[in-house]
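Please keep the sequence and the 3D view at hand while reading.

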Amino acid sequence: RIYLDISVNPGELSIRDFENSNTEDEKYKAFSFDNKYEIIIPNTVKLLWNSENCSKANSNTFFVSTGSLPWDLSNFKGEVEISSLYNSINLKDVSGPVIANTIGGNIKVIFDKITPTKLYSLISNNGYIDVELPTSANLKIDAIGNRVLSDIDFKVLYETFANGTKTMELQLNSGGTKMGLDAASGSIYIRKKQ
């Protein structure tokens, strides 16, 4: 009762939702709201993870059950690109580089045991972005959102507010690693590691 279509090509392993029927009524009988897939992969592969062809009502995603639960990725050292519709994304100790984009979801990133040292680009349309990081990190952050809130003492390099959007360029310590945070009309929270 695993409804996944798995194919292997040179240098690529593709895992997709399997559709066992041409009619909409029969197609989704295979999927229940209790399905959960957990896929264990090598820690340093390039991961491309998306659900752009899934609908909100019938979305089936890897690692989590259907519905509104976020996608979780943790303790990962490879390059990551995530695209999502109607799902939130949680990343914990993912070293990157990372490109994460969601429409209709939030993005939460926690740096607990690592410090960001590679490019991070996080985009949330109709959601918020929440990043928790150590104050010892060396970051230059470009942030766009309706609000940018932080309990970290950043050096503000640039700040403007126009048409309901706040744009900021922030630096923490030497600023050696770039991080882009774009929440469009949502809020951005940058917090000290707890």
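The tour starts on the surface, where I6, V8 and L13 make a nonpolar patch of about 330 Å². The model is a predicted one. V8 counts as exposed because its relative accessibility is 67%, and the cut-off for exposed is over 50%.

The next topic is the aromatic side chains. The structure holds two aromatic pairs. In one, the ring centres of F111 and Y120 are 5.2 Å apart and the planes meet at 65°, so the pair is edge-to-face; the angle required for that label is over 60 degrees. Both of these residues, F111 and Y120, are buried.

Y128 and Y189 form another aromatic pair, also described as edge-to-face, with 6.0 Å from centre to centre and 80° between the planes. This pair links distant parts of the chain, since its members are 61 residues apart. Y128 sits in the loop between β9 (120–125) and β10 (129–133), while Y189 is in strand β16 (residues 187–192). Y128 has a relative accessibility of 35%, so it counts as partly exposed.

Strand β10 also contains E132. This residue is buried yet has no salt bridge. The nearest side chain of opposite charge is that of K108, 4.9 Å away, whereas a salt bridge requires the charged atoms to be within 4 Å. A polar atom of the E132 side chain does lie 3.2 Å from the backbone nitrogen of Q194.

The last topic is the backbone. Most peptide bonds are trans, and most residues other than glycine have a negative phi. Against that background, the peptide bond from G96 to P97 is cis, with omega near 10°. P97 is placed in the loop between β6 (89–94) and β7 (98–103).

Strand β6 itself includes D93. The phi of D93 is near 50°, a positive value in a residue other than glycine. D93 counts as buried because its relative accessibility is 4%.

A184 is not a glycine either, but has a positive phi of about 50°. Its place is the loop between β15 (177–182) and β16. With 30% relative accessibility, A184 counts as partly exposed.

Note on methods. Residues are numbered from 1 along each chain as its sequence is written. This is a predicted model: local features need pLDDT of at least 70, side-chain atom pairs count only at pLDDT 80 or more; totals for chains, interfaces and linings use all residues. Side-chain values use heavy atoms; hydrogens and water are left out. Patches are made of residues with over 30% relative accessible area and no salt bridge: like charges are joined within 9 Å, nonpolar side chains (Val, Leu, Ile, Met, Phe, Trp, Tyr) within 5 Å. Accessible areas come from the Shrake-Rupley method with a 1.4 Å probe; for residues, only the protein chains shown count as cover. Buried means under 20% relative accessible area, exposed over 50%, partly exposed in between (1.4 Å probe, protein chains only). Rings of Phe, Tyr and Trp (its six-membered ring) pair if their centres lie within 6.5 Å; planes under 30 degrees apart count as stacked, over 60 as edge-to-face and the rest as tilted. Helices (H or I, at least four residues) and strands (E, at least two) are DSSP runs, numbered from the N terminus. Lys and Arg count as positive and Asp and Glu as negative; His and the chain ends are not counted. A polar contact is a pair of N or O atoms within 3.5 Å; within protein, one must be able to donate a hydrogen and the other to accept it, and residues adjacent in sequence count only if both atoms are side-chain atoms.
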